[in-house]
Amino acid sequence: MTTQTRTAAPPTAAFAAVVAIMVLFQAAASAPTPLYVVYQRMWGFSSATLTLVFAIFVLVLLATLLVAGALSDHVGRRPVLLAGITLEAVALLLFLFAGGVSTLLAARAVQGVATGLILPTLGATVVDLNPPHRPRAATVVNGVVPVGGLAVGSIACGALVQYGPDPTRLVWLLLLGTLVLAFVAVLALPESSARRPGVARSLVPRLGVPQRLRGDVVALVPVIVASWALGGLYLSLGPSAAAAVFGVTNHFLGGLVATLLCGTGAVAAFVFAVRRTAAGRASVTLLAVGTALTLVGVLTGEVATAIAGTVVAGVGYGASGLATFGRMAGLPAQPAERGELFAVGYTVAYLAFSLPALAAGFASTRIGLHTTVVAYAAVVIVVAVAAGRRRWWSGRSAA
């Protein structure tokens, strides 16, 4: 049962607004990536500290998912969306006035709370508002936007840092302006999930999937781990590795490292979705082959080989997003179950996104960035191959 009260935006406009907010939040999450090198030079901290700044966001996000992942299933979507946008604005203000690592850590922590609140709510809202005349729209959005938004944030911030004035402030001012628009848009949204009791009980840290859906979700875990672990490497150490291994010092090109993976992934996911091509089997194969090719480029110092490998891996990255989160959107979950379902998916994804990257950051101070990247890539290849050996893609709602 859903509620569609108040004077609200037309259904198509409401759906488009939610998609735009999803892009905005993923872009904001990846916006610091090209700036990490700048902050590192300004304040003189190590790669281990840089990775901690990256990881604190994800660890706080995970804690928020555990506590509040199902909150919108009880209080409605709009209140949680508004709270997430408000907290994101606080985080951007901290970024704007950051003068050292401690403020940077605080900004990422608050951003982690905001993102942990809003991501599962946005995923559920997209399903709630899916236009009846486009039944696959929610599947496509949940498969494409998570990687596409990361690409937008990384390349846009990289361009602003390299070519815009006041690189450590301009990006945050622009994002704050778009947040104001997002807040106004949410005020006009229809409420798509009825209030129900159990709010206090839902805040007890837990994650759960209805028994009838559990097999489908568990089957997606290996490919989520492989793809998001690779994304974590590119968004945390990617620009630093490009500088150390290939001598890339241009901040726009540094941001392009992550965009090559995420942007290619977004395009690939969209093409797979439009053509209705089964993405499951292809995703893990392309992840493994592309990462192996990138590894060859790193070992030989051949930039062209590394770029080609990143593009191939990016296609696999996008295909995996469609075959996992896209498939999750197509599962027969009730409206009151959708927030928690997406919270489970994002928890698995961000664990894979953060913990290996955090370990790599600390390892790089001991064994060097080059060796760390080589070892990390090898592990991703092994996990992708292991995922490919399971027939996880043959389940229900294959994307």
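A helix here is a DSSP run of H or I of at least four residues, a strand is a run of E of at least two, and both are numbered from the N terminus. Threonine 264, for instance, lies in helix H12, residues 251-275.

Before going on, some ground rules. This is a predicted model, so local features need pLDDT of at least 70 and side-chain atom pairs count only at pLDDT 80 or more, while totals for chains, interfaces and linings use all residues. Residues are numbered from 1 along each chain as its sequence is written, and side-chain values use heavy atoms, with hydrogens and water left out.

Now the chain as a whole. The protein chain has 16 helices and 0 strands. Of its 399 residues, 58% count as buried. Buried means under 20% relative accessible area, exposed means over 50%, and partly exposed is in between, with a 1.4 Å probe and protein chains only. Contact means heavy atoms within 4.5 Å. Taking contacts between residues at least 6 apart in sequence, 87% join residues at least 24 apart.

Back to threonine 264. Its relative accessible area is 18%, so threonine 264 is buried. Neighbours within four places in sequence aside, threonine 264 is in contact with Thr259, Val311, Gly314 and Val315.

Next, serine 227, which sits in helix H10, residues 211-236. Is serine 227 buried or exposed? Serine 227 is buried, because its relative accessible area is 1%. Its side chain reaches the backbone oxygen of isoleucine 224 at 3.3 Å. For reference, a polar contact is a pair of N or O atoms within 3.5 Å; within protein, one must be able to donate a hydrogen and the other to accept it, and residues adjacent in sequence count only if both atoms are side-chain atoms. Not counting residues up to four places away in sequence, serine 227 touches Leu287, Tyr317 and Ser320.

The axes of H10 and helix H14, residues 303-329, come within 9 Å and cross at roughly 135°. Axes are lines fitted to C-alpha atoms, for helices over the stretch in contact, and angles run from 0 to 180 degrees between N-to-C directions. H10 and H14 are therefore oblique to each other. Under 35 degrees counts as roughly parallel, over 145 as roughly antiparallel, 65 to 115 as roughly perpendicular, and the rest as oblique. The residues making the contact include Ser227 and Trp228 of H10, and Tyr317 and Ser320 of H14. By class, the contact of H10 with H14 has 11 nonpolar, 5 polar and 1 charged residues. Nonpolar covers Ala, Val, Leu, Ile, Met, Phe, Trp, Tyr, Cys and Pro; charged covers Asp, Glu, Lys and Arg; the others, Gly among them, are polar.

A second pair is helix H2, residues 33-43, with helix H7, residues 137-163: they pack at an angle of about 40°, with their axes 7 Å apart. H2 and H7 are therefore oblique to each other. Pro34, Leu35 and Val38 of H2 meet Ser154, Cys157, Gly158 and Val161 of H7. Those residues divide into 5 nonpolar, 2 polar and no charged.

Last, helix H6, residues 101-128, where valine 110 is found. Valine 110 counts as partly exposed, because its relative accessibility is 22%. Valine 110 and leucine 61 are 49 residues apart in sequence and 8.9 Å apart in space, C-alpha to C-alpha.
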